[in-house]
Amino acid sequence: MIDQALGQYRDLRARADAKFSEIQTAYSSDFACRKGCHSCCKSGLTVNAIEREELRRFLVARPELVEELRALEMANPHKGKRCKFLGAAGDCRVYEARPLVCRTHGAPLQFRPLDSRDENLRARDVCPLNFTSRGIGELPATSVINLDTINTLLALLCERGFPGVEERAALSVDEILG
C-alpha cells in the first residue's frame, strides 16, 4: 500500500510542478524565482509521513549526499535561518525530491484562512519578491495554486500509505532517516 501511495504522491508532485510551470510561463515578468534564490527556504519546515518516506528513499539511495548534508548541517552556512538541505551557495541539495511546500512556494497560492468561519472565504498569498507590480487578487482562479486542494490530497495519500500516522518530520537528515 505504501508503494501505491508513493506513486500517487509522485503524480501529485508532477501535477504541482506542471501548474507552477504553467503559471510561471504565463506571468514570467512577475516572477523573481531563479536558481540560487532561497528566500522561501525557511528553517523549521516539516513534512508528513509520505513526504518523509519519499525523502528517506531518496537519501538512502544516495549515501554520498547523506554525508554531504551532515557536513552541511555541521557547517551551518545559513546560521539556522534556512532549510538544512540548502547548500552553502543557495542550492537545494534534495531538489529532485523536495516536498510540495517547496514546489509550490513562489506561485500565487489560494487557501481558506484557518481562523475564518466563512466557508467561502479564500485568501491569496505569494512570495513578496514575486508579483510586485500586479495584485494577485486580480488573477483568475486558474492562475493560482489551490493550497487547500493540495493539502487535502496530500493528507489522503498519507493516510492511505501510513494509516493513523500524524507525526511530522523536520527537514533534516536525522529526522528524515529516523
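Trainee: Which residues are buried in H2?

Mentor: Ala 49, Ile 50, Glu 51, Glu 53, Glu 54, Leu 55, Phe 58 and Leu 59 of H2 are buried. Buried means under 20% relative accessible area, exposed means over 50%, and partly exposed is in between, with a 1.4 Å probe and protein chains only. Before we go on: this is a predicted model, in which local features need pLDDT of at least 70 and side-chain atom pairs count only at pLDDT 80 or more, while totals for chains, interfaces and linings use all residues. Residues are numbered from 1 along each chain as its sequence is written, and side-chain values use heavy atoms, with hydrogens and water left out.

Trainee: What covers the buried residues of H2?

Mentor: The cover includes the helices H1 (2-26), H3 (63-75), H4 (100-104), H5 (147-161) and H6 (173-177), together with strand E1 (46-47). These labels are DSSP runs numbered from the N terminus: helices are H or I with at least four residues, strands are E with at least two.

Trainee: How do you know that the reach of H2 is close to the one expected?

Mentor: The expected span of a helix is 1.5 Å times one less than its number of residues. H2 (residues 49-60) has 12 residues and reaches 16 Å from its first C-alpha to its last, close to the 16 Å expected. H1 also agrees: its 25 residues should span 36 Å, and its end C-alpha atoms are 36 Å apart.

Trainee: What caps the N-terminal end of H2?

Mentor: That is Asn 48, with a side-chain oxygen 3.2 Å from the backbone nitrogen of Ile 50. A polar contact is a pair of N or O atoms within 3.5 Å; within protein, one must be able to donate a hydrogen and the other to accept it, and residues adjacent in sequence count only if both atoms are side-chain atoms.

Trainee: What makes H2 roughly perpendicular to H3?

Mentor: Their axes come within 6 Å and cross at roughly 105 degrees. Axes are lines fitted to C-alpha atoms, for helices over the stretch in contact, and angles run from 0 to 180 degrees between N-to-C directions. Under 35 degrees counts as roughly parallel, over 145 as roughly antiparallel, 65 to 115 as roughly perpendicular, and the rest as oblique, so H2 is roughly perpendicular to H3. Phe 58, Leu 59 and Val 60 of H2 and Pro 63, Leu 65, Val 66 and Leu 69 of H3 make the contact, where contact means heavy atoms within 4.5 Å. These residues divide into seven nonpolar, no polar and no charged. Ala, Val, Leu, Ile, Met, Phe, Trp, Tyr, Cys and Pro count as nonpolar, Asp, Glu, Lys and Arg as charged, and the others, Gly among them, as polar.

Trainee: And what makes H2 roughly perpendicular to H5?

Mentor: H2 and H5 pack at about 75 degrees, with their axes 8 Å apart, and that angle makes H2 roughly perpendicular to H5. Ala 49, Ile 50 and Glu 51 in H2 meet Leu 154, Leu 157 and Cys 158 in H5. By class, this contact has five nonpolar, no polar and one charged residues.

Trainee: Why does Gln 8 count as partly exposed?

Mentor: Its relative accessibility is 26%, so Gln 8 counts as partly exposed. Gln 8 sits in helix H1 and touches Leu 157 and Arg 160, leaving aside residues up to four places away in sequence.

Trainee: Is Gln 110 buried or exposed, and how do you know?

Mentor: The relative accessible area of Gln 110 is 14%, so Gln 110 is buried. Gln 110 lies in strand E2 (residues 109-111), and its side chain makes a polar contact with that of Arg 124 at 2.8 Å.

Trainee: Is Arg 98 buried or exposed?

Mentor: At 12% relative accessible area, Arg 98 is buried. Arg 98 lies in the loop between H3 and H4, and a polar atom of its side chain lies 2.8 Å from the backbone oxygen of Tyr 95.

Trainee: What is the phi of Asn 76?

Mentor: Asn 76 has a positive phi of about 50 degrees although it is not a glycine. Most residues other than glycine have a negative phi. Asn 76 is in the loop between H3 and H4 and, at 33% relative accessibility, counts as partly exposed. Phe 131 has a positive value too, with phi near 55 degrees. Phe 131 is found in the loop between strand E3 (123-125) and E4, and its relative accessible area of 6% makes Phe 131 buried.
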